Amino acid sequence: MLLREVEYARPSTVDEAIALLAGNEGARALAGGQTLVNVMKARVTSPDVLVDLADLSELREIGFGPDGRLEIGAMVTYTQLGASSEVDVARPILAEVAATIGDVQVRNRGTVGGNVCVSDPTNHLPPLLAVLGATFTIRGDDGERVIDAGDFFRGVYQTAVGEGELLTKVSVPPSSGAGDGFAGLTIGKHGTYVVNAAASVSDDGVRVAIGCVGATPIRATAMEEQLAGGDLSEDAVRAAAEGLGASLDPPGDVHGSADYRRHLAEVSAVRAVLQAAARRKGT
Ligand SMILES: Cc1cc2nc3c(=O)[nH]c(=O)nc-3n(C[C@H](O)[C@H](O)[C@H](O)COP(=O)(O)OP(=O)(O)OC[C@H]3O[C@@H](n4cnc5c(N)ncnc54)[C@H](O)[C@@H]3O)c2cc1C
């Protein structure tokens, strides 16, 4: 289906982009367009003005903040993540997971900011960023605020980014010896996930988040608590995952029933934690 007529703006500064978004009701930021253009073609959404973020070079940078956190601009593509030496040094799981998103076209166009702002429960990055302790910087007319993943993801296609605001960057602490893991079942080799799980194991404990089983990533807090004692043997991890599925209320669809997703949540969580534990420095 062809796109409905829409106004197009291509600002050259972040402030200009925010002014355009705030000043035009029905304006929408355009990042890689891999989701937005498709939903516009399907007439699911029909913004009046598209504010293309393509020229905002500030949002394409990857670097380290004064506190040593890895800072990833919202317009950084999955391909850029995969080629970044900063990501490789600080949190290689981000490159590893980004390399499995969609196909090469999606990876060349799709952005970190778009991936999290669309808040699609089947997207790869939300559960991963939730366990890595990511923070999200949102800028609007009245300044900037930084919030964590627990507050950022609000529902399906809903985040803390309000009207007239932009997500400018995502910050992630360097691994500092932590091990990270990601596992799940996709539809086809690089397809959408039916269920996924992300895990991080560090001196502070174990963090696990499950994707595709609710509107936002769901932290497996009971499993995390059970593993807090430090025994990360396969038997202990499997035991800790028991009951995780029963605590979830996932949807059922043509790709898997709710019960199958409950089962996959436990299997994926076990695999992600064991992978993370094996990668932890000093083990
Ligand atoms: C064939 C195909 C397969 C795919 N498979 C997967 C997959 O398996 N896993 C996966 O994770 N993703 C998958 N995707 C989705 C892909 O990752 C998209 O790139 C992503 O969902 C959106 O990123 P984008 O940069 O294209 O954003 P866009 O489509 O341009 O924007 C998405 C939404 O986010 C908003 N937005 C974007 N950037 C900002 C910002 N900085 N501030 C505020 N709002 C912003 C836009 O206004 C829009 O509402 C797939 C896409 C396609 C086409």
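## Ligand shell and domain contacts

Because domain 1 (7–52) and domain 2 (57–172) both give residues to the shell around the ligand, the ligand lies between them; domain bounds come from an automatic or database domain assignment. The model is predicted: local features need pLDDT of at least 70 and side-chain atom pairs count only at pLDDT 80 or more, while totals for chains, interfaces and linings use all residues. Residues are numbered from 1 along each chain as its sequence is written.

Among the 31 residues around the ligand, G32, Q34, G110, G114 and N123 come nearest (near: C-beta atom, placed from the backbone, within 6 Å of the molecule or strand). Helix 7 (112–117) is one of the elements that each supply at least two shell residues, and strand 2 (27–30) is another. Helix 7 has the largest share, 4 residues. Helices (H or I, at least four residues) and strands (E, at least two) are DSSP runs, numbered from the N terminus.

The assignment also gives domain 3 (179–279). The C-alpha centres of domain 2 and domain 3 lie 21 Å apart. In contact across this pair are 18 residues of domain 2 and 21 residues of domain 3 (contact: C-beta atoms, placed from the backbone, within 7 Å). On the domain 2 side, helix 8 gives the most, with 6 residues.

The table lists residue classes.

Methods. Two residues are in contact if their C-beta atoms, placed from the backbone, lie within 7 Å.
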